[in-house]
Amino acid sequence: MKNTMKNIAALFLIFVFSGSMANAQGWTVPASAKKKQNPYEATSKNISSGKKIYNIQCKSCHGDPTMANMLPLAPVAPTDLGAQNFLVQSDGEIFYKVNKGQGAMPAFEKTISDEDKWMVIAFLRSFDKNKKVKQQVAEVKNPEVTDVKLELNVNEEDKTMLAKLSGLTDKGKRVGLQGIEMSFLVKRSFGYLDVSGEDPYTNETGDVQIQFPVDLPGDREGQVNMLVKVTDDAFYGKLEEARVVTLGVPTDPVNPLDERAMWGTRANAPIWIIVTFVGGVLAIWSVIFMVLFQMIKLPKLAKSKD
Amino acid sequence: MKEETSNHSRRKFLKSFGISVGAAGVVSSFSLIGAAKAAAKKPAEMVNLLTQDGQLVQVDKNQLRPTVTEPLDELQKRGREGIPGKSFVMVIDLSKCRNARKCMDACQNHHQLRQDQHHINVLQMQDAEHTAPYFMPKPCQHCDNPPCTKVCPVDATFKRQDGIVLIDNERCIGCRFCIAACPYSARIFQWTEPKDAEKYKDLTYNIEANVPQKKGTVSKCLFSADRLREDKLPSCVSACPNGVYYFGDQNEDAVTNGTTGETVRFSKLIEDNAGYTLMEELGTKPRVYYLPPKNRAFEFNGDLLNEENLH
């Protein structure tokens, strides 16, 4: 009797334990991992770079946070990462899940750096209704401004670009806007190449200077299409400027068909092949004709001998 | 004697017949010319037409002629020339492939292929007994020194100025020399009537997509040359859910990831990740680069065609 009671108790325990496993979407995170805190502060700088990484690495499946426009995968659709029921998890819990992956969720342990992952978590936390107040404190304060302008200065000699972001205060004074991330993008065939570098944030005067890569190819004249914009539209709306600049390395596209090669079609065959082939054909035919002529001559020769 | 007269009468008959037919011809042609002239003089019906630069013009209906260049010729011509100034390259990151096979589906859809025909195929690789297995998508390598175009006896397969190797199925005679020459087994042969042959039989042949497929000819990956003309990424690149493919222009030194849309420097990507090409010892100079399956985003989980692994 005692034994059966024990057995039942054990079965009950197993049942409860497996039930708790299933409860957490079948995704258990070790307690030590849960305790981890985001070592990076939730500054606007970190949040905007987190957003950038999110858009590249996470958005294709999870969609925009709070918009619930994730990819409709079966059997388990990706979670809306801006939803409150996701954000109740600790930083460490999210960090662990991003690292390890499960099912269709890839493991990003090695493909995204830890710093980048924390930035993404900082960005996701900005949607957390319970922690919003804390994040506000750390932000860089810019005065309320209207008529925000983006000016661009290109120095073609040392290949640098200077962007200035400024706005009009209510007193009618134009001031630089600080701590705003800018994107310097170069148009390529299928997308924009980011050449912003490590730290593309505006300084106290609203300036940000970047070094254009010295070895990036442009067209024949070295021209490239640049797009400079404020990375996050959330601050001042869509603010961008497109410009053609002569900062690239002049590149003459090589046409492989200009050269004669073995792989070329008839029109591009190497001269020596054409010569050898035509010569060979001519030689063979001339031998045949020579033999024929000799054969025609034979009867005549026989007659003259007679 | 009798024979002679009968002969004579036949000749006569033929003569008169010839004259009457000839006369009828002359008369009718005169009347045709007259009718045409009359039609030209008549204030004819006008037709509204849109010119190439978007202007609406009126044209006399009598002046209308069928277009001189056939669309097929036009497609063949531009398909042979390629896109000037470009040099397309593909980078396949093996560390991210988990055998989702979305690339294959998209490709078979685009090029009207059956399930068992592959322009791109995801292979299960294991280099040696004790090395780790991995998945490897394998499209045509679009070699810069292509062995396949060398052996074609009818100029049906060729390389274009943008680096893409294409096949003209209108020229192909089905000798399959190119299949034998290709060290990457990138080419397939249409042994039977292609998929949906009946459905697409009136479609104008597009050399840049090999559609509609033709029975008795060779077909292979084309880097979706028709999509590139519209600045779109190839079908397989756009379809990948795991960020495996990068595609771009080597002249611009930039490749774009089909999943994330992120654009990176081609040379840096290859250099940082020790990119390599397949069978470079053959001197084929492929345009498809591979990044080694190091630090894989997914664990290799066995069977190639196991349903559970097809994410």
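**Aromatic pairs, interface and local backbone features**

Eleven aromatic pairs are present over all chains of the structure, which is a predicted model. A pair of this kind is described by the distance of the ring centres and the angle of the planes. For Phe95(A) and Trp118(A), the ring centres are 4.1 Å apart and the planes lie at 0°, so this pair is stacked. Phe95(A) belongs to helix α6 (residues 91-100) of chain A and Trp118(A) to helix α7 (residues 114-125) of chain A; the pair therefore ties together parts that are 23 residues apart in sequence.

Strand β4 (residues 182-188) and strand β5 (residues 191-194) of chain A run antiparallel to one another and pair over four bridges. Within this pairing, Leu185(A) has Asp194(A) in β5(A) as its bridge partner.

We can turn next to the meeting of the two chains. The size of an interface is often given as the accessible area lost when the parts come together. Between them, chain B and chain A bury about 2,800 Å², with 58% of this area on carbon and sulfur atoms. On the chain B side, the most area is lost to chain A by Glu252(B), Thr263(B) and Arg265(B), which together account for 19% of what that side buries. In terms of contacts, 39 residues of chain B meet 28 residues of chain A.

Two salt bridges are found across the interface of chain B and chain A. One of them links Asp155(B) with Arg266(A), where the closest N and O atoms are 3.9 Å apart. Several elements of chain B contribute at least two residues each to the side that touches chain A, namely α4 (147-151), β6 (157-159), β10 (245-249), β11 (254-257) and β12 (263-265). By residue class, the side of chain B that touches chain A comprises 17 charged, twelve polar and ten nonpolar residues.

The peptide bond from Val211(B) to Pro212(B) is cis, its omega being near -10°. Pro212(B) sits in the loop between β8 (187-189) and β9 (218-220) of chain B. Asp231(B), although not a glycine, has a positive phi of about 60°. The loop that holds Asp231(B) lies between α6 (225-228) and α7 (235-239) of chain B.

Terms used
Residues are numbered from 1 along each chain as its sequence is written. Chains are lettered from A and ligands numbered from 1 in the order in which they are written. This is a predicted model: local features need pLDDT of at least 70, side-chain atom pairs count only at pLDDT 80 or more; totals for chains, interfaces and linings use all residues. Side-chain values use heavy atoms; hydrogens and water are left out. Contact means heavy atoms within 4.5 Å. Buried area is the accessible area (1.4 Å probe) that two parts lose on being put together, summed over both. A salt bridge is a side-chain nitrogen of Lys or Arg within 4 Å of a carboxyl oxygen of Asp or Glu. Ala, Val, Leu, Ile, Met, Phe, Trp, Tyr, Cys and Pro count as nonpolar, Asp, Glu, Lys and Arg as charged, and the others, Gly among them, as polar. Two strands pair if DSSP finds at least two bridges between them. Rings of Phe, Tyr and Trp (its six-membered ring) pair if their centres lie within 6.5 Å; planes under 30 degrees apart count as stacked, over 60 as edge-to-face and the rest as tilted.
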